[in-house]
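Let's take a walk through a protein model together. Have a look at the picture below, and then we will go through it piece by piece.

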Amino acid sequence: MVQSWDTAGGIHKSGVFVTAQQAAVQISSPNANAVVASPVSIRATGSGGNGIQSMHAYVDGVHHYQTSGSTLNTSLAMVPGQHTVMVEARTAAGTITQRSVRVTVSKPIITVKSPAPNANVYSPVAVSVTTQNPHTFEDVQVLLDEQVRYEITGTGVNAAVPMPLGKHFMTVRGRDSAGAIYTSGFTINVLPVKVSVSAPTPSSTVGSPVHVHASVPNESTVFTIQVYVDNTLKYQKNSKTIDTFLSMGPGKHFIVAQAWDNGGGVWKTGVNVEVK
C-alpha cells in the first residue's frame, strides 16, 4: 500500500493484493521412473522466491553440477542401475528448494525366459522374451540356425514357434528405435513326441472289449489323442492320456494311437493284436 499526505492534512492511499510465491523446481528430464541411457540428460527450471540465483544437480546425494541462473541443462554419466536425481534451486536470500526423481540407467537387455539354454523341448516351442532398452525395441525376431522363424513388432515375444526336430542354435534378435541390433542365443534340442501304448501289448491275444491305454509326455504340446482300429477312428479324447475299452470282432486287428500337437504335428504308434 502507498500512502500520501497533502498540505491540508488529508491522507490518500492506494493498495493492491499480491501473493508471495515460494521457490519451486520443475524437472522436465528425466521423467520419474524412466529407463534411460548414460549419460543422462537433466533439464530443470527454478522459479519464485526472491529470484533464483543458482541451480544444482545431485545423483544419489552427491553434488555433480551447478550453474548460475534459473535454468539447468546438462548430461551426467551414471552406472547401470537405479539412481535418484535431485535438482536444487537456491535463491539470493539463501532459500533452498529441491525436487527428486528416480530413474533406472540401463544397457539394452534381451532376456529369454523360455526355453532355457540346452533345453530339451517339443515343437511348437514356447518362446518368452522380454527386453529393456532406453531407446525401446521396435521389433523382435526368433531365428533358428540363422533362419527367421517368428517376428513381432514390439518389445517382447510370447508365442509358440514351430521348429524342426534336432539340435539347433536359437537366436533372439531385437532392433531398437536408434537402429541398433542386439542378440541373445543358445542351443536347444527339439524332441519327437513318443506315443506310448501300454495296453494292449504288441502281438497279444485279447478278449473284447479291448483295453487301450496310451500316453504322451506331459511336457509335450499334444492336445488330443485318437485311437484307430484297422484305419477307422474309434475313440478320441483331448488329453495327454487315454484309457478306454473298445469292442472288436474276432480276428486280427491293427490298433493305432495317434496324437496331435498344437503345431499340427502328428505322432503315432501302432500294435497288432488278435481278438478271440
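In what order do the 5 strands of the open sheet with mixed pairing lie? The order is 20-26-25-22-23. Before we go on, a word on how to read this: the model is predicted, so local features need pLDDT of at least 70 and side-chain atom pairs count only at pLDDT 80 or more, while totals for chains, interfaces and linings use all residues. Residues are numbered from 1 along each chain as its sequence is written, and side-chain values use heavy atoms, with hydrogens and water left out.

Strands (E, at least two residues) and helices (H or I, at least four residues) are DSSP runs, numbered from the N terminus. Two strands pair if DSSP finds at least two bridges between them. Strands of a sheet pair through backbone hydrogen bonds, either parallel or antiparallel.

Back to our sheet of 5 strands, with its order 20-26-25-22-23. At its edges are strand 20 (204-206) and strand 23 (232-237), each of which pairs on one side only. From one strand to the next, the twist averages 35 degrees; for such angles, axes are lines fitted to C-alpha atoms (for helices over the stretch in contact), and angles run from 0 to 180 degrees between N-to-C directions. Strand 22 (residues 222-229) and strand 23 are antiparallel partners, paired over 5 bridges. One of the residues to look for is Val229, whose bridge partner in strand 23 is Thr232. In the loop between strand 22 and strand 23 you will find Asp230. Asp230 has a positive phi near 55 degrees, although it is a residue other than glycine.

A second open sheet has 3 strands in the order 19-21-24, with antiparallel pairing. Its edge strands are strand 19 (196-199) and strand 24 (241-246), and each pairs on one side only. Strand 21 (residues 210-215) is joined to strand 24 by 6 bridges, and Ser215 stands opposite Thr241 in strand 24.

Now look at the loops around these strands. Pro200 sits in the loop between strand 19 and strand 20, and a cis peptide bond with omega of about -5 degrees joins Ala199 to Pro200. Is Pro200 buried or exposed? Pro200 is buried, because its relative accessible area is 5%; buried means under 20%, exposed over 50%, and partly exposed in between (1.4 Å probe, protein chains only). Leaving aside neighbours within four places in sequence, Pro200 is in contact (heavy atoms within 4.5 Å) with residues including Val206, Val210 and Ile255.

Let's move to another part of the chain. Strand 14 (residues 137-144) pairs with strand 15 (residues 147-153) in the antiparallel sense over 6 bridges. Gln141 stands opposite Glu151 in strand 15. The hairpin of these strands has 2 residues between them, and there Asp145 takes a positive phi near 55 degrees.

Which residues form an aromatic pair that is edge-to-face? They are Phe137 and Tyr182, with 6.0 Å centre to centre and 80 degrees between the planes. Rings of Phe, Tyr and Trp (its six-membered ring) pair if their centres lie within 6.5 Å; planes under 30 degrees apart count as stacked, over 60 as edge-to-face and the rest as tilted. The pair links distant parts of the chain, since Phe137 is in strand 14 and Tyr182 is in strand 18 (residues 181-191), 45 residues apart. Phe137 is buried, with a relative accessible area of 2%, whereas Tyr182 is partly exposed at 28%.

Finally, step back to the domains. The domain assignment gives domain 1 (21-105), domain 2 (109-191) and domain 3 (196-275); such bounds come from an automatic or database assignment. The C-alpha centres of domain 2 and domain 3 lie 36 Å apart, and their contact takes 4 residues from domain 2 and 8 residues from domain 3. About 450 Å² is buried between domain 2 and domain 3, with carbon and sulfur atoms giving 73% of it. Buried area is the accessible area (1.4 Å probe) that two parts lose on being put together, summed over both. In domain 2, Tyr122, Ser123 and Pro124 lose the most area to domain 3, together 81% of what that side buries.
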